[in-house]
Amino acid sequence: MLIDSGSPGGVGTIGITLTINGERRELQVAPWTTLLDLLRERLDLTGTKKGCDHGQCGACTVLVNGTRINSCLTLAVMKDGAEITTVEGLAGLAHREGTNSLHPIQEAFVEHDAFQCGYCTPGQLCSSVGMMNEGHAKTRDEIREAMSGNICRCGAYTNIVDAIEDVMQQGGAR
Amino acid sequence: MTVQISTAAGRDRFVGSAVSRVDGPAKVTGLAKYAGEFAAPDLAYGVVVSSAIAKGSIRSIDASAAEAVPGVIKVITHENRPATSDNPEDYQDAVAPPGAPFQALATNRIVFSGQPVALVVAEDFETARYAASLVRVDYGVVAPRTDLAAQAPEAYDPPMKRAGIKPPPEPWGDAETAFDAAEIRVNGQYRMADEHHNPMEPHASTVVVEKDGTYTVYDKIQGVSNTHDYIASAFGLKPEQVRVLNPYLGGGFGSGLRPQYQLFLAMLAAKDLGRSVRVTLTRDQMWSFTYRSEALQTVSLGADRSGKLTALRHDAVQGTSSYEDYQEVVVNWSGVLYDCDNVKLTYSLAKLDTPTPGDMRAPGAVTGVYAIETAMDELAYATGQDPIALRLKNYTESDPTEEKPFGSKALKECFRQGAERFGWSRRTPEPRSMREGRELVGWGMATGIWESMMMQSSAHAVLTADGRLEVGNQTGDLGTGTYTILTQIAADTLGLPLDHVTTKLGDTTLAKAPVAGGSWTAASSGTAVMKACRDIAEQAFKLARGMENSPLANADFERVVFSNGRIEVTGDPSKSVALADVLKATGTQKLEATGEAAPDKDFAQQYEAYTHSAIFAEVKIDEELGIVRCTRVISAIAAGKILNLKTARSQILGGIVMGIGSALHEESMLDHRIGRFMNHNLGEYHVPVNADIHDLDVIFVDEEDKANPLGVKGLGEIGIVGVAAAISNAVFHATGKRIRHLPITPDKVIGEG
Amino acid sequence: MNRFDYVRPSTVAEAVQALGSDPAARFIAGGTNLIDLMKYDVERPGKLIDITRLPLDKIEERDGGLRIGALVTNAALAYDARIRERYPLLADAILAGASAQLRNAASTGGNLLQRTRCYYFYDTATPCNKREPGTGCSAIGGVDRIHAILGTSEHCIATHPSDMCVALAALEATVRVSGPQGDRAIPFAEFHRLPGDDPAKDTNLAPGEIIVSVDLPARGFAGHHTYLKLRDRLSYAFALVSVAAALELDGRTIRTARLALGGVAHKPWRNTDAEALLQGRPATRESFKAAADLVLREAKPQSTNGFKIELARRAIVRGLEQAAAGTPQSQSDKRIQ
């Protein structure tokens with residue numbers, strides 16, 4: 001056994017290591033803390049949103065080792081050793097040299113007005129990058145389907161697809 | 001696009017263009033903070049325990065197991081709730097309907113399912129959530145009434161009318177007799193589903209207890225003034241003891257108009273414990289307050305063979321709660337839209353054991369216009385003519401319900417441009433006559449309408465010596481683009497670059513403004529900002545003219561323009577002075593002004609003000625399998641001047657998407673045995689996802705309006721109104737089957753109808 | 001969410017040992033359903049055994065078929081070149097379900113073990129025999145639009161929500177499990193069970209057992225297959241009805257047929273009688289209708305889901321038509337061929 005900790009009713013915590021937006025962090029977490037709650041409530045990375053807490057809206061989407069997942073349905077302790085990228089780290093993903101500019105998908109979202117209230121946006125952005133990393137979606141139909149795990153109640157879907165197509169035509173994500 | 005000199009002092013440079021959202025960078029980097037995201041060093045977390053029953057009482061409540069969990073600070077129930085005001089009127093917020101507003105944990109009575117019965121406060125979120133699961137409640141259950149159809153016979157005319165909501169007009173002519181005598185008669189009953197707003201951000205409040213004992217409250221609200229005044233009165237605080245902020249709102253759609261119970265509970269706990277508390281509702285709990293209550297509607301249309309209306313009846317029964325008479329305008333639209341000599345419109349309420357329904361994007365209009373615009377499509381078929389021709393035949397240039405002309409109404413142009421862009425002339429009217437492969441193709445259209453309103457608002461502007469301008473007021477940006485349009489208006493009025501202007505919103509320390517709703521914000525706050533900036537322009541001009549060797553010495557205010565950060569004589573750019581230089585040269589630290597905007601009473605006496613739209617929808621239907629795809633929607637909008645083509649377009653697109661949801665997907669399903677919405681999550685309450693949305697297009701037709709100096713009429717609601725009817729009419733055109741009950745799900749498409 | 005122990009074994013034997021005979025212990029892999037249920041207090045495990053580090057994440061050749069490790073994610077499985085080429089029905093079914101994010105996290109074993117999406121099962125305010133045996137079924141006579149039409153009992157009318165499992169049923173996969181009594185293989189048809197008088201039990205896994213792989217036989221029906229899913233919106237929704245159809249044809253004559261339904265029963269609903277009926281018949285609409293009638297002969301409506309019987313009938317016919325024509329349903333272009 002690698003790990004054996006926590007006890008019912010107690011508040012045992014487990015030591016884990018996560019690399020979050022390029023920064024390696026040693027953390028003590030309770031086993032019942034989700035990755036989403038860890039980011040938002042402990043690490044002040046509130047860019048990642050809680051829309052439903054049940055994997056039904058996509059607002060909490062982050063990249064774990066480059067793959068998009070719902071951070072609300074992931075216990076932090078289970079991602080011990082993983083590399084996490086949140087919306088706060090997207091720009092860094094594109095510009096490792098540390099310039100101030102945005103990731104191309106962030107710029108495209110602003111240009112195409114691919115959001116209104118902005119609450120689903122971090123999830124849409126991380127999902128877009130994850131989708132481009134996957135490389136399966138090429139056509140507009142395929143993008144729509146691949147982005148269907150991210151609900152936008154403001155209804156910016158057509159602009160979101162425009163923004164993604166724009167970036168894909170420029171050569172995609174990094 | 002008609003260019004109007006909206007910003008008076010300068011040239012329209014940004015106003016009317018497609019400027020990107022000024023809050024865009026904050027939103028795409030995750031830096032924009034929402035109500036449940038503000039930190040405090042002493043923050044405690046509150047989790048709400050919700051009632052399992054809809055009606056009855058709490059016989060006993062056992063919080064001992066929850067209290068025993070290490071880290072739990074307190075469990076608040078009706079038994080130990082700290083006292084708040086005992087005057088029910090103190091809980092009436094600015095947009096409350098008549099009645100006694102719900103007060104959380106006030107008594108052991110249960111009046112709706114999901115009602116908060118306890119608040120568990122703990123040192124961290126997970127502990128509060130866990131402890132909340134340990135609270136045991138024993139209920140005395142009473143059979144709830146939640147079936148609107150069953151309650152409809154008991155419907156009543158609400159004795160107290162809701163402020164700002166026009167009751168149906170007095171009937172004119174004799175609609176019954178005229179209907180009986182009509183050559184062509186159409187009569188249908190229409191139903192929608194109960195819908196929930198479901199903004200992506202769940203409702204949340206963070207109450208920070210400051211060192212001086214005052215409270216800083218971050219609340220998900222569409223206007224901080226409403227929260228502020230509610231808290232002050234409910235908790236007996238002086239106005240200056242409470243500051244409310246909400247810089248960003250993760251969607252509202254009306255759900256954030258009234259202070260909700262999470263605010264009350266967060267404040268209750270914070271005041272009681274003397275420490276900061278945050279309460280965020282779960283997605284499920286978003287079904288425990290406010291919703292768009294369905295209405296049972298009957299529309300009866302009588303017409304002559306040419307399609308001219310001779311009788312129009314529209315009756316609606318809508319649900320409300322047991323404790324408030326929520327009201328919205330459902331039937332009046334039918335009277336405003338069409339010219340007819342015999343009209344009768346009625347609206348009544350039925351009591352249900354649900355939370356009080358509330359305003360949801362274009363409240364009432366979504367509901368009523370769906371019915372009348374579907375009925376008009378039925379009349380078009382009954383009289384054998386094109387739906388646009390029928391609408392033109394009954395077109396009215398004045399509002400029959402008020403007998404006043406419209407200030408502006410470019411609806412005919414909406415029909416023309418929308419039809420042209422859509423290719424309407426290629427439509428073969430016969431149902432089932434258009435096909436593509438296996439799929440039936442349907443083209444339908446409808447009219448949309450919303451009242452154009454303006455509210456008393458103010459705005460403050462400060463120009464500093466570095467040439468930078470800050471403007472702002474208390475209103476909220478729901479994602480509508482208010483930050484952006486106010487920045488544009490301010491920049492143009494003073495001729496400044498956009499990046500020299502900062503707009504601040506959602507803070508009670510700013511100039512007074514009402515909640516953002518009803519599509520009134522652009523007109524109200526926009527005018528106030530423009531006036532404040534115009535005032536500063538005048539002050540700056542006076543200073544400039546008084547400067548030594550002033551290039552403007554002989555100019556007067558009406559002959560200068562503000563452009564590129566300078567004041568210059570119109571037509572003579574050589575005579576100019578930089579604004580920043582004016583302040584420096586005159587030793588002025590800053591110039592400031594407050595602008596006030598209010599509805600133009602003279603205008604309102606002469607005119608009625610409405611926005612209009614024509615919506616064209618295409619559906620493709622696999623009839624055998626009942627699958628409807630809405631493949632194309634074009635919305636042509638007449639809403640006065642468009643301040644920002646980009647954000648305006650987004651507003652309309654969003655309305656269309658929510659309209660598609662209404663037409664095809666959205667339905668909160670009640671189990672009437674227990675009075676509970678059962679599909680209370682985003683997996684089973686279906687809002688449209690990306691795959692549901694295909695090609696959408698928006699046309700803004702020229703329309704000059706003079707209700708306010710900006711010429712704007714508002715856009716937040718008009719985008720959704722009529723969309724469901726256009727789609728429903730398209731479904732009929734495709735299949736020949738009239739489905740009069742939304743949403744049009746596969747079961748209805750393949751069913752008996 | 002309740003409090004629990006957390007352990008993270010590194011071998012299957014350790015995992016089985018950690019589970020032991022503790023009825024309150026649960027394995028967790030993707031977590032996409034278990035954590036969801038824990039947040040609703042529907043599942044309150046005393047111990048979570050994190051199996052994500054077990055060496056069960058490979059897809060391997062075996063006996064002409066493929067062995068899919070229990071931890072292979074739904075996404076990895078759907079996009080695996082061998083699966084796409086040889087078992088496109090399975091790839092399509094997976095891609096018809098959930099969202100890309102969920103598929104990236106959800107595991108093969110977990111997909112088999114996901115619980116029903118019955119509203120009442122999820123809502124602890126209401127009685128439910130599956131959640132709390134003996135309390136009664138609230139769905140019967142309630143909001144039952146999405147519920148089962150086949151194989152129901154008076155105790156439960158819930159459906160199994162998986163898309164992937166419908167394809168696995170049609171493909172005659174085998175579930176390999178390991179437990180205190182050693183390893184065994186369970187034919188897919190016997191893996192899930194009907195509610196009967198014990199709806200709390202979804203599967204025939206014995207206490208203490210862990211799924212280690214799902215084995216696909218050599219026959220993949222790559223030539224003639226479809227996964228047709230009908231739902232209330234065009235993506236990211238559970239099936240009202242879904243059909244996995246696979247055919248082997250001799251010209252226009254059906255040599256072999258496989259037919260399984262999702263969204264209609266407590267388990268993926270495969271009907272071998274209907275498959276036998278199709279065998280030797282011409283691949284025509286008449287044959288398909290006969291098969292559909294046979295599948296739905298025993299169907300029983302609840303108060304508001306009667307439409308599902310007719311919808312299923314039509315979906316079967318269309319699914320078989322798509323399979324016969326070699327035009328499988330696209331999972332991105334929502335036009336139904």
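**Close-up views of a predicted model**

**View 1. Contacts and elements of chain A.** In chain A, take the contacts between residues at least 6 apart in sequence: 57% of them join residues at least 24 apart. The model shown here is predicted. Chain A has 174 residues, and 64% of them count as buried. It holds six helices and six strands. Read from the N terminus, the order of elements is β-β-β-α-β-β-β-α-α-α-α-α.

View 2. In the contact between them, domain 1 of chain A brings 19 residues and domain 2 of chain A brings 17 residues. On the domain 1 side, strand E4 (61–64) and strand E5 (67–70) of chain A each supply at least two residues. E4(A) has the largest share of that side, with three residues. By class, this side of domain 1 has eleven polar, six nonpolar and two charged residues.

**View 3. Where chain B meets chain A.** The contact draws 49 residues from chain A and 46 residues from chain B. Three helices of chain B each give at least two residues to the side that touches chain A: H1 (24–28), H3 (125–132) and H16 (645–664). H16(B) gives the most, with eight residues. The chain B side divides into 22 nonpolar, 16 polar and eight charged residues.

**View 4. A cis peptide bond in chain B.** The bond from B:Leu742 to B:Pro743 is cis. Its omega is near -5 degrees. Look for B:Pro743 in the loop between helix H17 (723–735) and helix H18 (746–750) of chain B.

**View 5. Positive phi at B:Glu403.** This residue is not a glycine, yet its phi is positive, near 55 degrees. B:Glu403 sits in the loop between strand E15 (398–399) and strand E16 (404–405) of chain B. Is B:Glu403 buried or exposed? B:Glu403 counts as exposed because 10 other C-beta atoms lie within 10 Å, and the cut-off for exposed is 12 or fewer.

**View 6. Positive phi at B:Asn564.** B:Asn564 is not a glycine either, and its phi is positive at about 50 degrees. Find B:Asn564 in the loop between strand E22 (560–563) and strand E23 (566–569) of chain B. How many other C-beta atoms lie within 10 Å of B:Asn564? There are 16, so B:Asn564 is partly exposed. Buried would take 20 or more, and exposed 12 or fewer.

Conventions. Residues are numbered from 1 along each chain as its sequence is written. Chains are lettered from A and ligands numbered from 1 in the order in which they are written. This is a predicted model: local features need pLDDT of at least 70, side-chain atom pairs count only at pLDDT 80 or more; totals for chains, interfaces and linings use all residues. Two residues are in contact if their C-beta atoms, placed from the backbone, lie within 7 Å. Helices (H or I, at least four residues) and strands (E, at least two) are DSSP runs, numbered from the N terminus. Ala, Val, Leu, Ile, Met, Phe, Trp, Tyr, Cys and Pro count as nonpolar, Asp, Glu, Lys and Arg as charged, and the others, Gly among them, as polar.
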